[in-house]
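Here's a quick briefing to read with the model open beside you. Have a look at the chains first, then work through the points below.

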Amino acid sequence: MIKQEFFNLEIKTKGQKLYEFTDKVSNWIKENNFKSGIINLSIQHTSASLIIQENADPDVQTDLINYFDKLVPMNNKLYIHTTEGKDDMPAHIKSALTNNQISLSVKNNELLLGTWQGLYLFEHRIEKQSRLIVFHYLGD
Amino acid sequence: MIKQEFFNLEIKTKGQKLYEFTDKVSNWIKENNFKSGIINLSIQHTSASLIIQENADPDVQTDLINYFDKLVPMNNKLYIHTTEGKDDMPAHIKSALTNNQISLSVKNNELLLGTWQGLYLFEHRIEKQSRLIVFHYLGD
Amino acid sequence: MIKQEFFNLEIKTKGQKLYEFTDKVSNWIKENNFKSGIINLSIQHTSASLIIQENADPDVQTDLINYFDKLVPMNNKLYIHTTEGKDDMPAHIKSALTNNQISLSVKNNELLLGTWQGLYLFEHRIEKQSRLIVFHYLGD
């Protein structure tokens with residue numbers, strides 16, 4: 001028998017940062033007693049993204065944010081889509097350069113992530129946002 | 001019982017643009033009466049990619065194309081792989097910067113995409129191409 | 001009945017290069033007689049990545065490496081995370097720009113990749129490393 005479960009995680013963001021939610025996924029696995037399977041995570045927006053990054057030194061996150069800001073500048077004369085704010089088009093581009101979706105493996109009730117890997121919502125907008133990430137488990 | 005279905009979508013492209021195919025996936029779900037499961041989409045090429053982007057303002061697509069063209073210029077003296085045309089190596093790089101594969105969740109016969117999310121083939125070559133995207137459903 | 005198998009592939013790397021492992025996946029499918037399903041590949045590190053790229057002209061790989069090195073330079077004054085070496089922060093950024101995870105489709109005991117597509121570990125560190133990629137099959 002195939003087992004499937006869904007969960008909607010809402011994260012309220014306050015500006016361009018990485019918001020970790022590794023524990024939300026690990027706890028969901030424990031609570032539901034998932035054995036082995038795939039968890040498909042999908043963010044339902046195109047101006048924020050999902051990434052797996054180092055969870056040890058927080059400087060890595062600062063450098064990532066600064067790098068992406070330099071790579072995809074605001075107020076760039078290249079953009080014609082400017083009606084939603086100077087940070088909106090850069091946010092769509094950063095989303096395209098990273099991921100909207102990640103599939104994770106679960107084995108014997110454990111999430112298979114490396115020791116130094118964490119799951120993050122990467123917010124690209126500067127104002128407050130409410131973000132929805134869908135968790136979908138398929139396995140046994 | 002696990003249910004699996006496959007479908008090959010061919011998209012004929014005419015230059016660097018985003019080609020939406022959200023309806024192709026939604027209709028496939030309806031026609032096959034898929035309940036809940038995962039759809040794995042994989043493009044069988046490395047000079048075009050798959051992305052989820054905003055489907056509201058078409059200017060977003062124009063800006064994306066222009067941004068990527070500036071980020072990964074043609075005629076760059078950096079490239080040694082030039083035999084397949086000045087747009088080929090940039091196309092491979094743009095493909096590496098975006099995605100070859102996306103997994104989507106289906107719940108109760110509905111594709112779980114955000115309101116403003118659309119599925120696109122992102123063509124990076126300038127001449128006419130025929131592109132193959134494999135749809136693979138696994139669920140119940 | 002749902003079938004699941006796991007395999008840990010270790011790749012010893014020696015510097016910034018693409019290391020192909022397509023055969024490792026194809027052979028694993030044959031040996032285990034997998035019919036149809038999804039293989040989720042996940043690299044358990046954040047300073048190396050997984051990519052699908054052209055397997056025909058090796059110049060493509062050289063150009064990719066050179067392009068990414070130029071896009072994400074070492075010794076950039078932008079970085080504050082410098083304790084693990086000048087190549088570490090660029091490695092994390094390159095990882096964010098590419099993929100930690102790829103899901104592949106298997107149909108009738110065959111891996112569904114395009115003719116010119118190969119699977120690669122993209123190493124971003126300059127010193128020797130030992131990298132772990134988890135293979136996870138779910139199907140029938």
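Predicted model: local features only at pLDDT ≥ 70, side-chain atom pairs only at ≥ 80, totals over all residues.

Residues are numbered from 1 along each chain as its sequence is written, chains are lettered from A and ligands numbered from 1 in the order in which they are written, and side-chain values use heavy atoms, with hydrogens and water left out.

**Symmetry**

- Chain A goes onto chain B with a turn of 120 degrees, a shift of 0.0 Å along the axis and an RMSD of 0.0 Å.
- Leu97(A) is the residue of chain A that comes closest to the rotation axis, with its C-alpha at 3.3 Å.

**One chain**

- Chain A has 3 helices and 8 strands (DSSP runs numbered from the N terminus: H or I of at least four residues for helices, E of at least two for strands).
- Along the sequence of chain A, the order is β-β-α-β-β-α-α-β-β-β-β.
- Along the principal axes, the C-alpha atoms of chain A fill a box of roughly 55 × 30 × 20 Å.

**Helix packing between chains**

- Helix α3 (residues 88-97) of chain B meets helix α2 (residues 59-71) of chain C, their axes coming within 10 Å and crossing at roughly 65 degrees (axes are lines fitted to C-alpha atoms over the stretch in contact, and angles run from 0 to 180 degrees between N-to-C directions).
- The crossing of α3(B) and α2(C) is right-handed (the near helix is turned clockwise from the far one by less than a right angle).
- On the α3(B) side, the contact is made by Met89(B), His92(B), Ile93(B), Ala96(B) and Leu97(B) (contact means heavy atoms within 4.5 Å).
- On the α2(C) side, the contact uses Val60(C), Asp63(C), Leu64(C), Tyr67(C), Phe68(C) and Leu71(C).
- The residues in this contact of α3(B) with α2(C) split into 9 nonpolar, 1 polar and 1 charged (Ala, Val, Leu, Ile, Met, Phe, Trp, Tyr, Cys and Pro count as nonpolar, Asp, Glu, Lys and Arg as charged, and the others, Gly among them, as polar).
- α2 (residues 59-71) of chain A packs with α3 (residues 88-97) of chain C at about 65 degrees, axes 10 Å apart, and the crossing is right-handed.

**Interfaces**

- Chain A puts 33 residues in contact with 36 residues of chain B.
- Between them, chain A and chain B bury about 2,700 Å², 58% of it on carbon and sulfur atoms (accessible area, 1.4 Å probe, lost on putting the two parts together and summed over both).
- Chain B and chain C also bury about 2,700 Å², with 58% on carbon and sulfur atoms.

**Salt bridges**

- The whole structure has 18 salt bridges over all chains (a side-chain nitrogen of Lys or Arg within 4 Å of a carboxyl oxygen of Asp or Glu).
- There are 0 salt bridges between chain A and chain B, and 0 across the interface of chain B and chain C.
- Asp87(B) pairs with Arg125(B) in a salt bridge, with the closest N and O atoms 2.9 Å apart.
- That pair links distant parts of the chain, 38 residues apart: Asp87(B) is in the loop between α2 and α3, and Arg125(B) is in the loop between β7 (117-123) and β8 (128-139).

Note on methods. Least-squares fit on C-alpha atoms with pLDDT ≥ 70 in both.
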